[in-house]
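Subject: A structure for you to look through

Dear colleague,

I am handing over the structure below, and after it you will find notes on what was found in it. Please keep it open while you read, so that you can follow each residue as it is named.

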Amino acid sequence: MSVVHYQLNIADLSSRTLLVKLSFIPQQPVHQLQLPAWIPGSYMIRNFARHITHIRAYDVNGELSLLQLDKQSWQLCCGQQPVTIEYQIYANDLSVRAAYIDDEVAVLNPTCVCLEVSELSELPQQIEFKEHEAQVKRVTKNWRIATALPRLSGEQLSCQGIFQAANYQQLIDSPIIAGIFSLQQFNLDGVPHYIVVTGQNIFDEARLLADVSKLCQAQRDVFAALPEDLNQYWFLLWVTESGYGGLEHQFSTLLLCNRHDLPIPALAEQDESYHTLLGLFSHEYFHTWWVKRLKPVNFHPYRLDKEQYSRQLWMYEGFTSYFDDLALVKAGVISQQQYLKGLEKLISRVTRNPSEQVQSLTDSSFTAWTKFYLQDENAVNSIVSYYAKGALVALILDAELQQHGHSLAALCKALYQQYLITGTADESIFILLKSWQLPELAKELNSWVNQAGRLPLSTGLAKLGLTLNWRSPQQFDDLSGSTDKTAVASLGCSLKYQANNVFIHQLYVGSAAHQAGLMSGDQLLALAGYKITEHSLPQLLKRLPIDSAQSLVIFRKDRLLTLTLPLQTAKPNVAMLSVRDNKKVETWLNA
């Protein structure tokens with residue numbers, strides 16, 4: 001049987017160079033070789049091929065013609081003899097999307113490593129790992145390999161052997177971790193689930209295993225069963241000194257976290273950073289149903305050479321963002337109070353940004369390629385998050401559905417069952433709501449996602465047993481909870497601090513800073529005649545009289561300017577939630 005074979009080796013560890021040898025038997029005189037421009041689940045052109053160097057092609061008769069056609073594809077002219085394509089890849093991308101190697105770990109996404117061979121993408125695709133003696137001495141001992149790809153040869157987890165995917169699509173949907181790691185396993189409905197944690201860490205392994213298994217059960221309960229084809233699942237957690245992120249795959253997820261996000265041994269009440277990490281586990285696991293199997297019809301099939309647009313990311317990422325933390329409280333991993341605090345922060349982050357009334361969720365979804373994934377300092381005024389605001393849409397939709405004897409979980413399950421094969425069209429969710437005799441709710445949902453503007457949060461939360469109130473923030477990062485402190489003046493912008501100098505970063509339209517004529521990048525020098533530093537500015541804002549106008553001296557590039565700053569309290573944009581009906585809250589959070 002013909003196969004496409006990739007042999008991977010570390011060519012030079014110090015320069016983070018990966019050597020790939022791609023071998024296959026040609027089926028025609030000309031083949032095209034291509035690397036994807038983006039990876040499913042991350043809607044941005046990544047141009048992975050820019051990291052390919054020293055590419056050549058040959059067979060038993062010598063060198064073959066290999067002509068680059070564009071930024072990511074090559075044309076190969078060949079005969080009938082087996083062909084080898086040899087190329088190197090620079091692997092230094094500290095993210096869950098590409099490739100990275102050092103002396104402790106190699107994190108490999110085949111999407112950015114394995115060239116696709118035209119006409120052969122439906123053949124079995126093999127990846128082989130071999131150790132080079134020159135490199136063995138330079139890496140940490142006891143390297144192993146973890147991946148959802150089926151192993152054909154070599155001992156389980158050993159750093160040598162051959163893995164095989166059914167086709168190219170399965171290959172690039174299977175991230176690989178090689179290096180030193182811990183491994184734990186639990187079973188859910190008879191399906192083995194593995195937790196891989198890279199490196200040597202001090203953390204509570206039993207706590208992580210127990211918590212992740214609970215949240216997986218909670219997510220399974222949304223759909224009533226695991227996907228029929230799920231025979232294994234791998235949580236591949238890459239631990240670094242700083243970093244955060246995750247990307248979903250068919251039978252696994254690749255996660256990135258800070259070393260100190262891991263649970264502290266023998267500590268009953270864990271840090272908030274650990275709960276955030278569990279939310280990441282929960283989010284990517286929900287994608288096992290919701291994106292990796294059920295997906296927008298536009299993604300049937302994926303076309304990875306250019307952008308592939310969808311107006312439904314608000315539903316897929318937004319609903320997932322709602323269910324990720326909801327699973328934690330339903331599983332008993334976090335308390336009701338902790339969940340509501342997180343919900344307050346989510347509401348505050350979305351509603352304080354002017355962008356909420358500028359961009360719709362469907363537009364945010366459609367323009368993710370050029371806007372959401374390429375944000376600048378003006379994003380707070382122009383780009384709404386289909387993750388965050390999409391989660392709030394899910395929240396109030398769930399509240400409305402529960403009023404009619406349904407739930408958002410039931411809606412997701414129905415969409416999954418009805419559209420699993422074909423994928424969802426833009427109107428699918430509205431059609432389903434109408435079939436449930438809920439035409440008015442379908443109309444409301446349509447306006448929530450297709451129009452920019454405020455959501456009816458107070459009304460929705462009341463139906464879940466909560467009261468929503470607002471207060472002014474004490475400082476820029478004040479996002480939740482009540483306070484007895486007197487409201488203070490606010491610039492209404494985020495700041496950057498460099499060597500005790502203070503600069504405007506994100507300027508919110510309508511804020512005091514905006515009214516004063518400040519711009520992003522301005523350096524703040526003095527307020528009311530007093531020097532501005534990172535420590536003095538909060539004190540000045542507390543001490544100077546509210547509703548007064550004060551002189552503000554700044555540098556704008558190399559020009560010294562004096563502006564007039566109106567000192568005013570920030571708008572009430574910090575959400576405060578209180579329980580008004582315990583029974584409703586219990587039904588919602590513990591059902």
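F323 counts as buried, at 4% relative accessibility, where buried means under 20% relative accessible area, exposed means over 50% and partly exposed lies in between (1.4 Å probe, protein chains only). F286 is buried as well, with a relative accessible area of 0%. The ring centres of F286 and F323 are 5.0 Å apart and their planes stand at 15°, so this pair is stacked; rings of Phe, Tyr and Trp (its six-membered ring) pair if their centres lie within 6.5 Å, and planes under 30 degrees apart count as stacked, over 60 as edge-to-face and the rest as tilted. Because F286 belongs to helix α4 and F323 to helix α5 (residues 313–330), the pair ties together parts that are 37 residues apart in sequence. Helices (H or I, at least four residues) and strands (E, at least two) are DSSP runs, numbered from the N terminus.

Before going further, please note that this is a predicted model, in which local features need pLDDT of at least 70 and side-chain atom pairs count only at pLDDT 80 or more, while totals for chains, interfaces and linings use all residues. Residues are numbered from 1 along each chain as its sequence is written, and side-chain values use heavy atoms, with hydrogens and water left out.

The structure holds 33 aromatic pairs. Y233 counts as buried at 0% relative accessibility, and Y285 is buried with a relative accessible area of 0%.

Rings also take part in another kind of arrangement, in which a charge sits over a ring if NZ of Lys or CZ of Arg is within 6 Å of the ring centre and within 35 degrees of the ring normal. The charged end of R311 sits over the ring of F366, 4.1 Å from its centre, and the charged end of R352 sits over the ring of F476, 4.3 Å from its centre.

Helix α9 (residues 388–403) has 16 residues, which at 1.5 Å a residue should span 22 Å, and its end C-alpha atoms are 23 Å apart, which agrees; the expected span is 1.5 Å times one less than the number of residues. Of the 16 residues of α9, 14 are buried, so the helix is mostly covered. The helix α9 is followed by G405, whose phi is positive, near 80°.

In helix α15 (residues 536–543), the residues L537, L540 and L541 are buried. Seen down the axis of α15, its buried residues fall within an arc of 100°, so they line one face of the helix; the arc is that of the directions from the helix axis to the C-beta atoms. On the other side of α15, K542 and R543 are exposed. The buried residues of α15 pack against β23 (493–498), β24 (501–507), β25 (523–527) and β26 (530–531), where contact means heavy atoms within 4.5 Å.

What surrounds β25? Four of the five residues of β25 are buried, so this strand is largely enclosed by the rest of the structure. Strands of a sheet pair through backbone hydrogen bonds, either parallel or antiparallel, and two strands are said to pair if DSSP finds at least two bridges between them. The strands β24 and β25 run antiparallel and are joined by two bridges, with V502 opposite L524 in β25. With strand β27 (residues 549–556), β25 pairs in the antiparallel sense over four bridges, and L527 stands opposite L552 in β27. β25 also pairs with β26 in the antiparallel sense, over two bridges, and there A526 stands opposite K531 in β26. β25 and β26 form a hairpin with two residues between them, and A528 in the turn has a positive phi of about 55°.

Elsewhere, eight strands form an open sheet in the order β5-β4-β8-β2-β1-β12-β15-β14, with mixed pairing. Its edge strands are β5 (62–63) and β14 (151–153), each of which pairs on one side only. Strand β4 (residues 52–59) is joined to β5 by two bridges and the two run antiparallel, with G62 in β5 as the bridge partner of D59.

Lastly, Q498 lies in strand β23 and counts as partly exposed, at 44% relative accessibility.

With best wishes
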